Amino acid sequence: MAQAASKTCEICVSAPGSQYCLECEQYFCENCKTFHNRQKISKTHQFQSSTGVLPEGKSKCKDHNEDVSFVCNTCNTAVCSSCVTGSHKGHEFSKLIDNILQLKEKNKNNLRRKVNEATQNIKQIEEGIQAFDVKVTEVVKAITEEGTRIKAMVDKCITEMIASLKEKSRIERDKLTTVFADTKANLKAGSDLDKKTYELNKTRNDGKLLQSLQKLTDDIAKLTVKPIPEFPNIQYTAKSATDNDVKQLFGNYTIR
């Protein structure tokens, strides 16, 4: 393999051989290349720039030192014309250039098919990832909404429970307040009677005092001191709720 920048056209042998025919393994100038591609037998030949790395001649048969031009399909090996009539006689053959062109076309089609397949797979994977991300967002939203709903239920339960507690405690407190007021009134009445007793003790002993003492006795008898009622007791017993108990309030998600 070598650089071919200094090669001349092998057809007209005058102009620079800037193009190289891969099938003929010859250097062509631009004009000879155009003429070569117009001929029916060589219109499908492929060229590459001679400035690239090019082979320095045709492949030679190691047994006959002739140009390799055929492929023995039976042995799957490249051979020359002497091999066709010699050691490979009776085998099936095809032209080397035809095999090369077929393999190039096959490789090109297979590679193109796999590239297209990989491109489609990438597209489907990207779409799948986007769709999955959307689903994840939807599930996160659903969990958040359910959590908000459960929080609202808890807040409502707390509000109702506190309201019920305050109402029942108010009733019990009103009872105690009534007893307190009655006892306070009785205390004032007793204090008033005590003052009256003190005043009567300073008066002389006569019939009028007797009447006053009799009335005082009746008033004292009417004075009733109610016993202290049993005070209500209140306490809160919390339930030992665990993280698992809270999780049971939520639904479940699955990733397949």
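Q: In which strand is the place of S94?
A: This is a predicted model, where local features need pLDDT of at least 70, side-chain atom pairs count only at pLDDT 80 or more, and totals for chains, interfaces and linings use all residues. Residues are numbered from 1 along each chain as its sequence is written, and side-chain values use heavy atoms, leaving out hydrogens and water. Strands are DSSP runs of E with at least two residues, numbered from the N terminus. Residues 93-95 make up the strand that holds S94, and that is β8.

Q: Which residue's side chain does a polar contact join to that of S94?
A: Let's start with the neighbours: leaving aside residues up to four places away in sequence, S94 touches F70, V71, N73 and N99 (contact means heavy atoms within 4.5 Å). A polar contact is a pair of N or O atoms within 3.5 Å; within protein, one must be able to donate a hydrogen and the other to accept it, and residues adjacent in sequence count only if both atoms are side-chain atoms. At 2.5 Å, the side-chain partner of S94 is N99.

Q: Is F28 buried or exposed?
A: Buried means under 20% relative accessible area, exposed over 50%, and partly exposed in between, with a 1.4 Å probe and protein chains only. F28 has 2% relative accessibility, so the residue counts as buried.
That puts F28 in the class buried.

Q: Is Y253 buried or exposed?
A: Y253 is found in the segment after α5 (243-247); a helix here is a DSSP run of H or I with at least four residues. With a relative accessible area of 59%, Y253 is exposed.
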